[in-house]
Amino acid sequence: MDEKIFSENTLEEKKLIELAHEARKHAYTPYSGFQVGAALLTKKGKVYLGCNIENASYTPTNCAERTAFFKAVSEGEREFAAIAIVGGASDTEAKETCAPCGVCRQIMREFCDPQEFRILLEDGKGGVLNFKLEELLPLGFGPENLAR
């Protein structure tokens, strides 16, 4: 199983980034050559890994972030604390900032509190950029917009 368990109080950003690098190694990217890895931290301290998976017809391609979320949700998880994302060309180390696409941000919005959920992006220089979801998806549409 590719999930890891951590204490919320001891998990460091660096460790979550390292796990995202581990996930990136499994990316299937024969068309773009751009590999992405994600490590999704639940509020219970479990981590689910995801990688991007391409398809020849492009539309069914799935991002690393959504892979991690779908794995976690399919296992019954519904509360998330943070996600780390790394990416870059397949023949190199991830040395650039790889932000989530709009669809992935919307998936995050479905399951996460935009004022609390953290998105960690390696900056390509050894540092980590730390955003709240609301910073990357302002005025996001969420489940409460459909409340009856």
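**The tail end**

L139 sits in the segment after helix 4 (133-136). Its phi is positive, about 55°, although L139 is not a glycine. L139 is also exposed, with a relative accessible area of 90% (buried is under 20%, exposed over 50%, partly exposed in between, using a 1.4 Å probe and protein chains only).

A quick word on the model: it is predicted, so local features need pLDDT of at least 70 and side-chain atom pairs count only at pLDDT 80 or more, while totals for chains, interfaces and linings use all residues. Residues are numbered from 1 along each chain as its sequence is written, and side-chain values use heavy atoms, with hydrogens and water left out.

**Other positive phi values**

Most residues other than glycine have a negative phi. Y58 is another residue other than glycine with a positive value, near 65°. At 56% relative accessibility, Y58 counts as exposed.

G76, which follows helix 2, has a positive phi near 100°. In the hairpin of strand 2 and strand 3, G45 takes a positive phi near 95°.

**The strand 2 and strand 3 hairpin**

Strand 2 (residues 34-42) and strand 3 pair in the antiparallel sense over five bridges (pairing takes at least two DSSP bridges). Three residues lie between the strands of this hairpin.

How covered is strand 3 (residues 46-51)? Mostly: five of its six residues are buried.

**Helix 2, wrapped up**

Helix 2 is largely enclosed by the rest of the structure, because eight of its 11 residues are buried. Those buried residues are A64, E65, R66, T67, A68, F69, A72 and V73. The cover over them includes strand 2, strand 3, strand 4 (80-89) and helix 3.

Now for the packing against helix 3. Helix 2 (residues 64-74) meets helix 3 (residues 102-111) at an angle of about 25°, and their axes are 9 Å apart. That makes helix 2 roughly parallel to helix 3 (under 35 degrees is roughly parallel, over 145 roughly antiparallel, 65 to 115 roughly perpendicular and the rest oblique). On the helix 2 side, the contact is made by E65, R66, F69, F70 and V73 (contact is heavy atoms within 4.5 Å). Helix 3 contributes V103, C104, I107, M108 and F111.

Is T29 buried or exposed? T29 is buried, at a relative accessible area of 9%. T29 lies in the loop between helix 1 (13-24) and strand 2. Leaving aside its neighbours within four places in sequence, T29 is in contact with F34, Q35, N52, E54 and S90.

G126 occupies the loop between strand 5 (118-122) and strand 6 (128-132). G126 is exposed, with a relative accessible area of 76%.

Key: Axes are lines fitted to C-alpha atoms, for helices over the stretch in contact, and angles run from 0 to 180 degrees between N-to-C directions. Helices (H or I, at least four residues) and strands (E, at least two) are DSSP runs, numbered from the N terminus.
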